[in-house]
Amino acid sequence: MSDAATPMPEPAADLLAATPETAYFWGRVVGDGDLSRDCVTVRAADPTAADALATVAGTARTDRDHQVAERESAHDASIVRFEDEYELKVFGAPAERAAAALGLPIDDQPGGYRLDAFADHRPQLTRGILEACGTVCFRESSASVGVSFVHDDAACLETVRSQLDAAEPHAPTEDLSETSSGGYWFGLADEADVEEVARWLYAGSDASGLYSDSRRGKLRRSVERAAGREVGSLAE
């Protein structure tokens with residue numbers, strides 16, 4: 001479990017109501033989760049985010065929710081990483097309700113991804129998606145930061161692009177491309193102000209507890225390095 005000093009979000013009274021907490025929760029499901037008729041499954045790569053997701057959903061983590069998962073690199077299928085994975089399951093009506101209200105795929109059926117219900121909480125929604133299916137890298141050659149989103153479902157990524165297009169600050173993106181592992185990906189365009197996007201994504205995250213400690217730290221360190229800033233200067 002995460003450090004006792006880490007703030008925890010409030011449990012959602014209704015997982016389908018539009019709040020910062022539910023926006024982050026469903027963003028994580030969109031990026032790395034799935035729905036069946038009576039269960040929402042969502043995965044996280046660190047205990048900080050897993051605790052936050054469990055609290056929002058009003059469920060409890062167990063000793064069996066952790067494993068080390070094998071993941072292929074989206075850009076080179078010959079590269080395999082082994083990462084911690086925490087899998088949470090929320091049983092009951094939220095799965096079918098989310099499929100109907102948000103257009104999320106259920107039982108492997110195509111989804112429509114109607115996420116505009118969270119327009120007032122777009123940073124938390126996008127933060128959840130980025131932490132679930134995004135990658136961040138520091139490019140040594142240009143001293144810049146690359147931010148990309150990877151998913152098996154092209155419709156999902158087109159919806160994420162539309163959310164970024166509607167964001168303030170505007171975050172221009174590249175077109176979708178196929179990955180070597182059979183999925184799709186896109187990145188922020190070269191003209192995107194990644195520092196501004198990073199500040200927008202994580203504004204207020206310290207107080208809310210709605211973040212992955214490892215993913216937030218990597219993005220901030222990369223931006224600080226690219227800008228030649230002191231480590232920690234992007235922290236709230």
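Which residues in helix 6 meet which residues in helix 8? In this predicted model, local features need pLDDT of at least 70 and side-chain atom pairs count only at pLDDT 80 or more, while totals for chains, interfaces and linings use all residues. Residues are numbered from 1 along each chain as its sequence is written, and side-chain values use heavy atoms, with hydrogens and water left out.

On the side of helix 6, Val 194, Glu 195, Ala 198, Leu 201 and Tyr 202 meet Arg 215, Arg 216, Leu 219, Arg 220, Val 223 and Ala 227 of helix 8, contact being defined as heavy atoms within 4.5 Å. Helix 6 (residues 194–202) and helix 8 (residues 213–227) pack at an angle of about 150 degrees, and their axes lie 10 Å apart; helices (H or I, at least four residues) and strands (E, at least two) are DSSP runs numbered from the N terminus, and axes are lines fitted to C-alpha atoms, for helices over the stretch in contact, with angles running from 0 to 180 degrees between N-to-C directions. Helix 6 is therefore roughly antiparallel to helix 8 (angles under 35 degrees count as roughly parallel, over 145 as roughly antiparallel, 65 to 115 as roughly perpendicular and the rest as oblique). Arg 216 also has its charged end over the ring of Tyr 211, 3.8 Å from the ring centre (the criterion being NZ of Lys or CZ of Arg within 6 Å of the ring centre and within 35 degrees of the ring normal).

Helix 1 (residues 20–32) and helix 2 (residues 47–57) pack at an angle of about 120 degrees, with axes 10 Å apart, which makes helix 1 oblique to helix 2. Glu 21, Thr 22, Tyr 24, Phe 25 and Arg 28 of helix 1 meet Ala 49, Leu 53, Val 56 and Ala 57 of helix 2.

Two aromatic pairs are found in a search of the whole structure (ring centres of Phe, Tyr and Trp, the last by its six-membered ring, within 6.5 Å; planes under 30 degrees apart count as stacked, over 60 as edge-to-face and the rest as tilted). The rings of Phe 25 and Trp 26 have centres 5.0 Å apart and planes at 90 degrees, so this pair is edge-to-face. The rings of Phe 149 and Phe 186, with centres 5.1 Å apart and planes at 15 degrees, are stacked, and this pair links distant parts of the chain, Phe 149 lying in strand 6 (residues 144–151) and Phe 186 in strand 8 (residues 184–187), 37 residues apart. Phe 149 and Phe 186 are both buried (under 20% relative accessible area, with exposed over 50% and partly exposed in between; 1.4 Å probe, protein chains only).
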